[in-house]
Amino acid sequence: MSANDVQVGGDHYRNKTIQPWDAMEAWMSPERVKGFMQGNVIKYVARYVEKGGVEDLRKARHYLDKLIELEIS
């Protein structure tokens with residue numbers, strides 16, 4: 001199972017014709033996509049205590065899983 005097969009925190013992206021990650025990979029350089037993923041890992045880890053708790057940690061892990069996939073592909 002890839003990170004694209006999972007959504008953490010709802011299903012608000014599942015109904016889209018193109019998934020945001022797929023659009024980013026099509027329209028942005030690999031470096032910019034990886035930077036976005038890294039930035040979101042940092043964002044969710046930094047705020048989890050004050051805002052989203054364990055769900056934010058799951059979101060951070062989701063972005064980290066995607067970043068790992070991008071690094072090994």
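Leaving aside neighbours within four places in sequence, which residues is Val6 in contact with? They are Met1 and His62, where contact means heavy atoms within 4.5 Å. This is a predicted model, so to speak of local features takes pLDDT of at least 70, side-chain atom pairs count only at pLDDT 80 or more, and totals for chains, interfaces and linings use all residues. Residues are numbered from 1 along each chain as its sequence is written, and side-chain values use heavy atoms, with hydrogens and water left out.

View 1. Val6 sits in the segment before helix 1; helices here are DSSP runs (H or I, at least four residues), numbered from the N terminus. Along the chain, Val6 and His62 are 56 residues apart, yet their C-alpha atoms are separated by 8.1 Å. With a relative accessible area of 32%, Val6 is partly exposed. For this and later views, buried means under 20% relative accessible area, exposed over 50%, and partly exposed in between (1.4 Å probe, protein chains only).

View 2. Searching the whole structure turns up three aromatic pairs. Rings of Phe, Tyr and Trp (its six-membered ring) pair if their centres lie within 6.5 Å; planes under 30 degrees apart count as stacked, over 60 as edge-to-face and the rest as tilted. Phe36 and Tyr63 make an edge-to-face pair, 6.1 Å centre to centre with 70° between the planes. Phe36 belongs to helix 2 (residues 30-47) and Tyr63 to helix 3 (residues 53-72), so this pair ties together parts 27 residues apart in sequence. Phe36 is partly exposed at 35% relative accessibility, while Tyr63 is buried at 14%. Tyr63 also pairs with Tyr44, this time stacked: 5.9 Å centre to centre and 20° between the planes. That pair again links distant parts of the chain, with Tyr44 in helix 2 and Tyr63 in helix 3, 19 residues apart. Tyr44 is buried too, at 9% relative accessible area. Put together, ring pairs join Trp21, Phe36, Tyr44 and Tyr63 into a cluster.

**View 3. Helix 1 and what covers it.** Trp21, Ala23 and Met24 are the buried residues to look for in helix 1 (residues 20-27). They cover an arc of only 160° around the axis, which puts them on the same side of helix 1; the arc is that of the directions from the helix axis to the C-beta atoms. Their cover includes helix 2 and helix 3.

**View 4. Helix 1 against helix 2.** The two axes come within 8 Å and cross at roughly 145°; axes are lines fitted to C-alpha atoms, for helices over the stretch in contact, and angles run from 0 to 180 degrees between N-to-C directions. Trp21, Met24 and Glu25 of helix 1 meet Val33, Phe36 and Met37 of helix 2.

**View 5. The largest nonpolar core.** Eleven residues make up this core, among them Ala3, Trp21, Val41, Ala60 and Leu70. A nonpolar core is a set of buried Ala, Val, Leu, Ile, Met, Phe, Trp, Tyr and Cys residues joined through side-chain atoms within 4.5 Å. Helix 1, helix 2 and helix 3 each supply at least two of its residues. Ala60 is in contact with Val41, Tyr44 and Val45, leaving aside neighbours within four places in sequence.

**View 6. Asp56 in helix 3.** Asp56 has its place in helix 3 and is buried at 2% relative accessibility. Not counting residues up to four places away in sequence, Asp56 touches Tyr44, Arg47, Tyr48 and Lys51.
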